Amino acid sequence: MRVLTLLLLCTSTALVYAAEQSSAPILGLVNASQDRSKDHILEFWGYHEYDGSQNYADTLKLRYYNPLNIGDWHGTMRLDTAYTAVYGPQLAAQSTGTFSPNNAMLTIWGGQAGWFGNVGARLFAPLGNTGQWLAGPQVSSSFKPVGSGQQVLSDISPLARYMFGFNPKVPAGTNPPTLTSRLELYPTIGLNLSPSTQLRFWDENGAVYNAVSGGWFLPIDAMVTHRLSKNWLVAIGGAKQVVQTYQLYNWTVYGKISLTF
């Protein structure tokens with residue numbers, strides 16, 4: 001925990017320094033890291049994933065965003081929970097595809113007025129009888145074109161997160177897995193297709209580097225979002241691995257229904 005605290009303190013100091021050094025538009029973009037909604041958002045996600053060797057995983061996710069304000073610090077709290085069913089010829093014990101608890105996540109991020117970006121952290125908890133706890137800091141920023149008119153580019157919103165594993169959970173008589181240590185990168189880009197429709201790259205699935213044994217997982221990830229009204233949004237997307245020296249999945253398709261209130 002001392003390492004995580006030190007990383008967050010160093011990152012926040014760097015963000016404040018960067019904000020003091022740069023306030024003018026860069027390449028026609030202005031910093032929008034502290035532009036955040038006061039709305040509450042509840043999302044229902046569905047995933048269908050192919051892991052190779054005719055093995056599949058279906059996941060149902062519930063995700064909730066809540067504004068979080070502490071004095072001059074303004075941020076967002078995100079809660080996730082997931083149920084997963086895996087099936088395939090190499091998974092005979094689970095071939096029926098029964099859904100069972102997978103994981104829960106708590107993510108908090110934010111900043112202060114004038115900061116060049118946001119800092120935060122994520123905590124991952126396994127809900128089943130296998131897996132491990134994960135925790136790690138994250139830093140993110142967001143940039144949008146100068147001006148208020150409709151433009152093709154919506155935003156560029158990079159995020160980096162480093163996750164550390166601890167407290168593994170395994171059935172009795174089973175050796176615990178190697179503790180995770182990985183870097184997650186999301187070079188998110190949003191494009192406006194219409195006033196209500198966006199095409200977003202690397203928003204839901206990003207690149208991952210395995211720091212334990214080495215190796216990268218680099219996907220192509222794209223998602224189309226369409227706002228039906230002020231309160232409702234739907235999206236559909238997919239991701240396909242292009243570099244997989246660190247194995248996660250072969251391809252996945254997903255969709256969501258989002259309620260803003």
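**View 1. Thr188 sits in strand β10, which covers residues 181-194.** Strands (E, at least two residues) and helices (H or I, at least four) are DSSP runs, numbered from the N terminus. This is a predicted model, in which local features need pLDDT of at least 70, side-chain atom pairs count only at pLDDT 80 or more, and totals for chains, interfaces and linings use all residues. Residues are numbered from 1 along each chain as its sequence is written, and side-chain values use heavy atoms, with hydrogens and water left out. Thr188 has a relative accessible area of 6%, so it counts as buried (under 20% relative accessible area, with a 1.4 Å probe and protein chains only).

**View 2. Here are the neighbours of Thr188.** Not counting residues up to four places away in sequence, Thr188 touches Asp155, Ile156, Ser157, Pro158, Arg200, Phe201, Trp202 and Asp203; a contact means heavy atoms within 4.5 Å. Look for Trp202: its backbone oxygen is 2.8 Å from a polar atom of the Thr188 side chain.

**View 3. Leu233 belongs to strand β14, made of residues 232-244.** Leu233 is buried too, at 11% relative accessibility. Leaving aside neighbours within four places in sequence, Leu233 is in contact with Thr225, His226, Arg227, Leu228, Lys256, Ile257 and Ser258. Follow the chain to Lys256: this residue is 23 residues from Leu233 in sequence, and their C-alpha atoms are 8.2 Å apart in space.

**View 4. Stepping back, the protein has one helix and 15 strands.** Buried residues make up 38% of its 261 residues. Of the contacts between residues at least 6 apart in sequence, 56% join residues at least 24 apart.

Note on methods: Buried means under 20% relative accessible area, exposed over 50%, partly exposed in between (1.4 Å probe, protein chains only). A polar contact is a pair of N or O atoms within 3.5 Å; within protein, one must be able to donate a hydrogen and the other to accept it, and residues adjacent in sequence count only if both atoms are side-chain atoms.
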